[in-house]
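Please read it alongside the sequence and the structure shown here.

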Amino acid sequence: MSSMTELNKPDKPCNKRWVYPENQPLAPELIKAAGSNIVAKLLLNRGINTSDKIKAFLNPENIELSSPYVFDHMKKSVERINKAITDHEKIIIWGDFDADGVTSTSLIYKALKYLEANVDYYIPERTNEGHGLNSASVCKLISSQKAKLIITVDCGTSNTTEITLAKGLGTDVIVTDHHEPPEVLPPAFAIINPKVQQENKECAELEYLAGVGVAYKLAYAILESNNKESYSEDLLHLAAIGTIADVVPLLGENRTIVTRGLKLIETRRPKPIIKLLESASYKIEKGVSAEMIAFGIAPRINAVGRLREASLAVKLLTSENMVEIEQITKELNYNNQQRQKMCESMFVETDMKIAHEIDLENNRAIILDQSNWHPGIIGIVASKLTEKYNKPAFLISIDEENKTARCSARSVKGLNLHETLTILEKYFVQFGGHAFAAGFSLDLEKVNFNEFKNKLNATVNQNFDSTCIEPVLEIEMDLQPEEVSVEFINELNRLAPFGECNPAPVFSISNLTLKQYKTMGSNNNHSKLFLSDDNNNTFEAVWWQKNCIEASVLDKINLAFCPDINLFGGKTSIQLVIKDLILSSQDCSKKTESVNNTPIIENIEPRWVDHRKKTGVEKVFSNYLKTTKDSVFIYAENKNTLENLGKNPLFKEKIINRLNVEKADQLMLFDLPPDICVLSDLINNSEAKIIHLTSNTFDEINPVEVIKMLSGMLKYAYTNRDGQVNTNEIASKLSISDTAIKSCIELLNQANIINIIDESKGNIKYKFLGSKDLSSITNLKEYSFFVETLAAVDEFRKQLSENETSRVQKLVNTFKSPLTRV
């Protein structure tokens with residue numbers, strides 16, 4: 001973008017500083033090339049300032065891709081691959097387990113299969129092998145499959161040891177990659193990486209290609225050498241998906257690749273892609289957008305690589321069998337759901353650790369470690385912590401048994417992760433990545449971990465650009481309400497596809513009146529606002545992953561938003577997707593009246609009273625209940641707690657659980673809730689002015705006991721309740737999270753103890769098939785997912801039992817669910 005001037009708002013402070021671009025005169029030729037004033041201005045804001053650049057940007061599908069032979073090693077790579085095809089040598093494609101690596105693998109595999117090559121693929125397992133080549137698997141592939149040629153995709157540039165090993169065993173390695181190269185390159189047969197040839201201007205212009213973009217160059221060259229380059233068009237959807245998923249700049253050739261790939265999905269409707277989009281509840285009749293890929297397809301591909309074997313996703317993307325496609329899509333959906341649940345739990349855990357362990361005022365970075373955090377999800381959670389706190393986040397999973405540690409890190413403007421980790425490379429077994437996303441592994445028998453953490457923290461503090469501390473929101477322009485129309489939005493969409501370095505335009509409108517506000521979504525984790533201007537023109541606005549706002553009905557607000565067209569229910573309407581809001585004046589006092597029966601949005605925080613370390617609490621409360629005029633309820637679900645409280649009639653009549661919360665003046669927590677959702681619902685639904693935290697003890701949950709109890713309950717309900725249960729009711733009965741119950745039910749379903757017939761909003765209808773030996777259950781992959789959900793409950797209760805009430809209150813106040821994606 002062009003340089004920005006700051007707009008200092010005299011309002012109540014907000015999370016981000018709003019900045020607008022400097023006014024620049026629009027030359028007539030720019031308006032003519034763009035087709036409208038608004039498009040010309042938006043392109044000028046993006047630094048696209050000539051007629052030729054505008055025409056190229058607005059017509060990316062017409063741009064000719066550069067020759068693959070700008071890479072010095074392309075010719076010898078094509079010759080070597082063609083020789084392998086002719087001689088029927090075994091070719092192994094060595095991929096990576098993220099969406100870029102999976103699509104790269106699929107693309108090269110389909111191209112070589114089309115040429116009838118003797119080819120297979122291998123994707124390392126994330127937890128045990130990690131990114132890139134590893135010596136053990138290289139040896140295994142060469143010995144067991146007689147591999148004579150290995151082609152890496154989205155990796156390999158830093159694997160000197162492993163490539164030297166392969167070369168010594170008589171196997172050539174062709175590296176295709178886009179990661180930063182080390183000072184000394186590996187002795188590969190060929191290296192195709194735009195970052196290796198920065199002195200070559202044509203090649204340097206391709207430095208922002210994703211791994212799949214580099215793979216596409218190689219595939220095109222091979223196909224062209226066999227007079228079959230037309231087949232390369234059939235691979236563009238894979239190149240587009242990987243490019244979007246890897247969050248590389250959607251400029252230059254990336255923009256062309258994505259545009260053509262999305263068009264291919266719309267017109268040729270490749271079966272696996274359509275099935276994935278349908279599973280994410282997307283309809284493509286009106287077209288396919290980069291957003292659909294980013295939020296619908298990429299998370300599902302990534303999830304299987306995080307929790308299972310990414311080769312399953314390659315199998316899906318290269319399949320033409322609808323039965324196989326439907327089955328694998330279901331598996332990817334299941335893995336994505338499990339990933340969401342695990343991320344949600346870990347995010348809450350890390351957020352509480354931050355409150356307890358991190359000095360946010362004095363430290364530039366968030367550095368957290370924990371035994372046995374799942375390596376497959378720490379990157380996602382690090383990303384969300386970075387988004388929330390605007391600080392680099394390093395999440396380190398410790399494997400105490402093997403004395404190793406693995407980190408995923410995410411950064412913000414102001415700290416280049418790759419450069420920072422290069423300073424510390426002597427500590428690492430492996431490291432790699434980009435400016436904003438990176439990772440490393442440690443051998444804890446060789447590294448003093450506490451010393452390393454201190455060194456990492458000091459290095460970040462030293463290298464962080466302090467001018468980037470305050471987050472900003474770049475806004476294109478301030479609009480008048482009447483300017484927002486369907487025609488206006490259609491003009492904006494000419495700038496699509498949107499993504500990195502070409503974000504969807506953000507606008508602002510000032511002095512709107514907040515008429516109504518409500519939460520929405522299955523977890524009430526989104527907000528919907530109804531707004532009007534001074535002429536009573538109304539707008540509907542949504543704020544995804546935001547369930548509270550600092551404004552009241554009738555407040556005047558300034559809104560930052562992306563305008564969108566909503567096609568829900570067959571009707572076309574304008575919807576504003578909120579990016580931020582601030583009050584239009586400094587008068588932030590809450591209104592005390594309601595208009596048109598619209599409820600007032602109150603934000604009165606309850607007072608927390610800590611009784612956890614006190615003795616004789618039950619006697620004190622019993623006496624208090626005899627005299628108080630306040631309405632008081634007691635939350636308790638644990639069987640032992642209920643039995644104990646039930647002995648006192650005063651307590652017994654006050655007991656509630658998560659299912660029957662009533663409004664009260666005071667709420668006493670005699671049990672620790674199983675997760676933040678239950679705790680937040682108890683507080684919000686009771687509207688209590690005083691919260692008494694009484695319990696600081698809990699029993700760790702035994703997975704086997706839960707399986708036995710749930711199995712017995714399901715058997716009973718099958719006979720006596722027509723095989724129907726509600727997961728919330730069972731969760732309350734067993735005093736665990738709804739997530740854990742659903743995970744256990746899925747486990748029993750996979751173990752063929754039950755057969756789920758129908759499932760809707762927590763209501764499950766099933767058939768009970770019969771009991772099974774416990775070992776047949778605990779050996780299933782779903783059992784580990786179930787155990788992790790119970791561990792999350794234990795960890796949450798541990799934090800509630802140990803943290804100060806101020807930190808617990810802060811967690812409730814800031815609670816939201818930022819990790820759940822379509």
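In what order do the 3 strands of the open sheet lie, and what is the sense of their pairing? In this predicted model, the order is S25-S27-S26 and the pairing is antiparallel.

**The sheet**
- The edges are formed by strand S25 (724–726) and strand S26 (754–760), each of which pairs on one side only.
- Neighbouring strands of this sheet are turned against each other by 30 degrees on average, direction ignored.
- Between S25 and strand S27 (residues 763–768) there are 3 bridges in the antiparallel sense, and asparagine 726 stands opposite asparagine 763 in S27.

**Helices against the sheet**
- Helix H24 (residues 703–720) lies across S25, S26 and S27, and runs at about 85 degrees to S27.
- Helix H26 (residues 738–750) also packs on the sheet, where it touches S26 and S27, and its direction makes about 140 degrees with that of S26.

- Helix H18 (residues 449–463) has 15 residues and reaches 21 Å from its first C-alpha to its last, close to the 21 Å expected at 1.5 Å a residue.
- Its buried residues are Phe449, Phe452, Lys453, Leu456, Asn457, Thr459 and Val460; seen down the axis of H18, they fall within an arc of 160 degrees, so they line one face of the helix.
- The cover over these buried residues includes strand S8 (366–371), strand S9 (393–399), helix H17 (417–423) and strand S12 (437–443).
- The exposed residues Asn450, Asn454 and Gln462 sit on the face of H18 turned away from its buried side.
- At the start of H18, a side-chain oxygen of asparagine 448 comes to within 3.3 Å of the backbone nitrogen of asparagine 450.

Definitions and conventions: Residues numbered from 1 in each chain as written. Predicted model: local features only at pLDDT ≥ 70, side-chain atom pairs only at ≥ 80, totals over all residues. Heavy atoms only, no water. Pairing = 2+ DSSP bridges. Helix = DSSP H or I, 4+ residues; strand = E, 2+ residues; numbered from the N terminus. Axes fitted to C-alpha atoms, helices over the stretch in contact; angles between N-to-C directions. Contact = heavy atoms within 4.5 Å. Expected span 1.5 Å × (residues − 1). Buried < 20%, exposed > 50% of the residue type's maximum accessible area, 1.4 Å probe, protein only. Arc of directions from axis to C-beta. Polar contact = N/O pair within 3.5 Å; in protein donor to acceptor, adjacent residues only side chain to side chain.
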